[in-house]
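Got your viewer open and your selection tool ready? Let's walk through this structure one stop at a time.

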Amino acid sequence: MTIVSATLRPCVQPLADPTWKFARATVPRLDGWVLVLEDDSGVQGLGYAHAIAAITGSGDTVRAALEFLLPQLVGRDPAALRQIMSEVDARLAFSNSARAAVDMALHDLLARQLNVPLHVLLGGAVRTSVIQARILAIKPPLDMAANAARLAEQGYRQLKLKLSGDSALDVARVAEVRAAAGAGVTLTLDPNQSYGVKQMMSAFARMEQYDIALIEQPLPASDWAGMKLLTDTLPVAIEADESAGTLDDVLALVSGRMVDVINLKVTKLGGLRKFLAAVQICETGNVTCRVGATFGPALLQSVALQAAACIGSLPHGCELAEHLHLRDDPFTPLPVIDGDMALPTGAGCGVGYV
């Protein structure tokens with residue numbers, strides 16, 4: 001079966017909270033792209049290109065990269081996925097988000113052709129559901145606490161606080177969220193590179209009493225020595241996110257035991273094949289994997305969920321429920337019940353256009 005068409009469809013999603021903010025940007029909406037591959041029997045495979053200017057590039061940049069690639073996909077057999085993606089990597093110097101969209105769509109199309117769930121192509125699921133952590137965007141402490149209480153009431157057992165780099169204010173945020181969420185909720189922190197080493201050590205000394213499980217990327221992405229110092233010094237798991245942008249990065253971080261946890265994302269690494277390679281590197285080096293937040297519709301979350309279900313150990317909650325605060329999702333709902341997201345059934349990634 002060969003691909004006879006490759007088309008792009010815009011996927012514009014306003015956030016329910018237009019003031020949603022993390023340390024580097026405010027994100028009022030997402031301007032992503034859905035890639036639809038169709039074979040000569042009418043079977044379709046879907047992929048999603050993530051587009052946030054502060055993270056993966058603008059929507060126009062991602063679109064241009066995909067439009068460059070699309071003619072090279074028509075006439076190809078998706079079963080030659082490895083060869084096709086090798087060519088994509090060679091021809092496209094940047095834009096991992098565009099690469100990821102092609103990789104997702106090829107995997108989804110092949111799985112639907114074979115009438116198997118996507119996770120079968122990835123080695124097979126070892127769990128039927130994945131615990132989810134929800135993100136608290138940067139706001140005044142009492143506002144973050146109110147959001148934490150609401151999410152805890154909905155059944156989420158793990159929450160992640162975005163921090164700003166203002167130590168005093170961030171400590172207050174942690175204190176208020178802990179009081180509102182209660183002792184039974186696991187808290188993690190994400191400063192998004194907004195701290196320095198000594199500042200993080202000092203701030204954590206004041207935050208430690210609130211029972212923090214993990215700190216994600218507190219330092220600039222290039223400060224690997226600082227990340228290792230925090231890993232070796234602080235009594236809390238240190239996680240790399242922005243520092244782990246490529247497979248080479250993941251290998252170096254694991255080889256040097258510079259962090260305890262690595263945040264893996266299909267869009268960040270450029271597709272499912274590289275995602276699984278990163279998982280294997282982490283598992284071989286005894287570094288924990290976690291599947292972090294990649295904003296996008298239920299399509300993207302379902303693909304990431306299928307991949308997460310194949311990871312041997314997931315001690316920390318994944319962040320695949322953030323699509324629930326995005327509006328105008330054109331895909332089949334992907335619900336979360338009592339903080340857990342069940343693996344969809346059916347062929348392919350498990351969701352389609354509504």
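What follows is a tour of a few helices and single residues in a predicted model.

Start by selecting Leu109, which sits in helix H3 (residues 96-114). Is Leu109 buried or exposed? With a relative accessible area of 0%, Leu109 counts as buried, because the cut-off for that label is under 20%. Now show what surrounds Leu109. Setting aside neighbours within four places in sequence, Leu109 is in contact with Ile3, Leu37, Asp39, Val43, Gln44, Gly45 and Pro78. For a sense of scale, draw a distance from the C-alpha of Leu109 to the C-alpha of Ile138: these residues are 29 apart along the chain, and the line spans 38 Å.

Next, pick Ser95 in the loop between helix H2 (81-91) and H3. Most residues other than glycine have a negative phi. Ser95 has a positive phi, near 65 degrees, and is not a glycine. Its relative accessibility is 17%, so Ser95 counts as buried.

**Stop three: down the axis of H5**

Select helix H5, residues 141-153. H5 has 13 residues and runs 18 Å from first C-alpha to last, close to the expected 18 Å at 1.5 Å a residue. Colour Pro141, Met144, Ala145, Ala148 and Leu151, the buried residues of H5. Then turn the view to look down the helix axis: the buried residues of H5 fall within an arc of 125 degrees, so they line one face. On the face turned away from that buried side, look for the exposed residues Leu142 and Glu153.

What covers the buried residues of H5? The cover includes strand S7 (133-136), strand S8 (158-162) and helix H6 (167-181).

**Stop four: H9 against H11**

Now show helix H9 (residues 247-255) together with helix H11 (residues 272-284). How far apart are the axes of H9 and H11, and at what angle do they pack? The axes are 9 Å apart, and the angle is about 10 degrees. H9 and H11 are therefore roughly parallel to each other. To see the contact itself, show side chains for Leu247, Val250, Leu251 and Val254 on H9, and for Lys274, Ala277, Ala278, Ile281 and Cys282 on H11. The residues of this contact are eight nonpolar, one charged and no polar.

**Stop five: H11 by itself**

H11 has 13 residues and reaches 18 Å between its first and last C-alpha, close to the 18 Å expected. Leu272, Phe275, Ala278, Val279 and Cys282 are the buried residues of H11. They cover an arc of only 115 degrees around the axis, which puts them on the same side of H11. Asn286 follows H11, and its phi is positive, near 60 degrees.

Bring H9 back and find Arg257, in the loop between H9 and strand S12 (261-264). Arg257 is not a glycine, yet its phi is positive, near 45 degrees. Is Arg257 buried, partly exposed or exposed? At 33% relative accessibility, Arg257 counts as partly exposed.

Definitions and conventions
Residues are numbered from 1 along each chain as its sequence is written. This is a predicted model: local features need pLDDT of at least 70, side-chain atom pairs count only at pLDDT 80 or more; totals for chains, interfaces and linings use all residues. Side-chain values use heavy atoms; hydrogens and water are left out. Axes are lines fitted to C-alpha atoms, for helices over the stretch in contact, and angles run from 0 to 180 degrees between N-to-C directions. Helices (H or I, at least four residues) and strands (E, at least two) are DSSP runs, numbered from the N terminus. Angles under 35 degrees count as roughly parallel, over 145 as roughly antiparallel, 65 to 115 as roughly perpendicular and the rest as oblique. Contact means heavy atoms within 4.5 Å. Ala, Val, Leu, Ile, Met, Phe, Trp, Tyr, Cys and Pro count as nonpolar, Asp, Glu, Lys and Arg as charged, and the others, Gly among them, as polar. The expected span of a helix is 1.5 Å times one less than its number of residues. Buried means under 20% relative accessible area, exposed over 50%, partly exposed in between (1.4 Å probe, protein chains only). The arc is that of the directions from the helix axis to the C-beta atoms.
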